[in-house]
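Trainee: I'm new to this one. Could you walk me through how to read it?

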Amino acid sequence: MTRNKDNALPDMDYLRERVQHLEQASQWHHYAMDVLTSMTAIFGDHSQSRDVSAILESTHECVGRILPLEDAGYYTVDDESSFHLSYRQAECEDPALEAEVERLIEAGIFSWALNQNHPVCLPCPGGGQGEDDTACGDHWVLHVISSRTRIRGMFVGRTRGQPLHPRDPGMKVLSIILFNAAYALESAALYTLMEHQHRTLKKISERQSLELAHQYSHDALTGLPNRILFSDRLHQLIQQGHPNDEDDSSHVAVILMDLDHFKRVNDSLGHGCGDRLIKTLADNLRALLADADLLSHHHLDESNVTLSRLGGDEFGIILNRVDSLDLLARFAQHLIDNVSCEYVVHGHPVFLTCSAGISIHPFDGRDVDTLIKNADAAMYEAKQRGRNHYHFYTQDINAQTYRHLMLENELSKALERDEFQLHYQPQISLATGKVEGLEALVRWEHPEKGYLSPGHFIPVAEDTGLIERLGLWVVRRACEDMKRLEAADLPVPRMAINLSPRQFRQTDLACQYAAIIKEIGIQASQIELELTESTIMQDIDKAVEIFGEMQRLGFRLAVDDFGTGYSSLNQLKHFPIHTLKIDRSFIRGIPQDRDDAAIVKAIVAMAKGLGLEVVAEGVEARHQLDFLRDLDCESVQGYYFSRPLPYDELCEYLQDSCSTNQQKQSASS
């Protein structure tokens, strides 16, 4: 205790001041403890993305409770290391702070302060302080806002009064507050980044979901709705209508369109050209169905038309509010006429036709599957009737389709059950009267229906692809029977075997046939392969190529049904063929029918001019035979001599023929 010079007790004024000072110090410590205990206010709700200004506002509230500030600003640093004023003390719009910061930056003091580990207190220029550094005046307090890893910003505050020392309790608490603010800013940046990534991922997810939904419901090649969306759209239209009101004048029509013989394009030009052609066709159909004048002419509207690619070369069209079957038929024909034309794909001209089937709700079905199934059946019927046409569904088509399906199932098992047989029809030389060849004709010994001719099952085998296996079986069995005839001393010079269009397009056909005859021990020259003129004319270049390959292997080649395929002499001379077979339709009318007689004469003359043999099919009467003999036709076959015979009966026929020829030779000698 301080005494005065009279050794008296300290005066009361001093004690009173001392008590007041201690009370203020205690109060300040209470404020500091309150600030430290409420530091979490700076971080706010850490589960959400934090706003920088909100963090700095909370920070300034804490700083303001420990430092009397005239003005304050909080600068934050961006990714390019530039500082920006992010928060300013409320109600302080004096530009002096920003100007002073610019001065500090230019003087290098700002950078120097950033590198200090403690707050820096500097006198303000013109702040009213005197030479004594303890004098009262305005001071700038600078302190970096940084975590342990990164500088986040800078605090700039202006105080009035005594200069503050870095070790002052208020300055220490300031460091703690700003250190926590730096981590809060890092947390905010992290949450902002996470939120940005979340939004980005959400956008990507939404876009991918839309893309997946589009891919799920649309065709990748053409961009048209696929079978799924087609069925869904048809289902919606059925639900919107009145399925029990068959008297309603407007209906929903389903049109299925399929390109005729499109497989030939893929086989000859490749799938790339096929895809290009499909895309071109889709674009043409899309433009056609967007023609307002065309739709209006047929009492249709673009909003009531749905075009889809159902798969492969098949397209589907839904027409809503159809009020006239006659206009619907004309519309279908218009579509077929526009599709059926020549296309140029990678420099290759391709002529396409198409067939269409039509079903109508509710007459041809009250649900999606039935309407599509019946339209498909009608389209198949259009193909069966010659293609390049449309057909409405009728009740009897179902029975035909069912029979066709049953035949497909039975046919697939017939080979395994060995139900096929070969019958042979002799080819007779008009010069010698001898059997100079046989034509192998396949028959199906159906377990319930008996013998079926090729006309009943070959078209089905062709459509299903079974013809390829059946063709190999025919070649093998015919070669084996030729070998058996040789062993029985009943040899024949050659065996004629028919090739179907699908077999003809097999890339390995020649190699397979060559392997079979080599295995059995037959010469290739003993086998004559027959292909119809109409099949050859479908792709002349391909036919010439395959015929050339067959000829190099030694096979004889014949054109069957000649006169029906519209080939010209100029085309015919390119084929390495040995025989022309005159179609039976021309033989039937000779010699009475002048046109048939003229055609047969021309064919025989042309063949002889090209050095080809001629075989006339379907000879059933003596006058036909005499007419052909007068023309110097080499060979004939038909019921006049023999029907197609199974192997055992063929052996008897050949034995009788040999005996007859021997008797004739004896009589002539």
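This is a predicted model: local features need pLDDT of at least 70, side-chain atom pairs count only at pLDDT 80 or more; totals for chains, interfaces and linings use all residues.

Mentor: Let's start with cavities: on a 1 Å grid over the protein atoms alone, a cavity is a set of points where a 1.4 Å probe fits but cannot get out. Residues are numbered from 1 along each chain as its sequence is written, and side-chain values use heavy atoms, without hydrogens and water.

Trainee: Which residues line the largest cavity?

Mentor: Lining residues have an atom within 4 Å of a point. Among them here are His298, Leu319, Asp323 and Phe331. Helices (H or I, at least four residues) and strands (E, at least two) are DSSP runs, numbered from the N terminus. α11 gives the most to this lining, with three residues.

Trainee: And the sheet: in what order do the five strands come?

Mentor: Strands of a sheet pair through backbone hydrogen bonds, either parallel or antiparallel. Two strands count as paired if DSSP finds at least two bridges between them. Here the open sheet runs β2-β1-β5-β4-β3, with antiparallel pairing. β2 (83–88) and β3 (120–123) are at the edges with a single partner strand each, so one side of each lacks a neighbour in the sheet.

Trainee: Over how many bridges do β4 and β5 pair?

Mentor: β4 (residues 137–146) and β5 (residues 151–161) pair over 10 bridges; Val141, for one, has Gly157 in β5 as its bridge partner.

Terms used: On a 1 Å grid over the protein atoms alone, a cavity is a set of points where a 1.4 Å probe fits but cannot get out, and a pocket is an open set with protein on both sides within 12 Å along at least five of seven lines; lining residues have an atom within 4 Å of a point.
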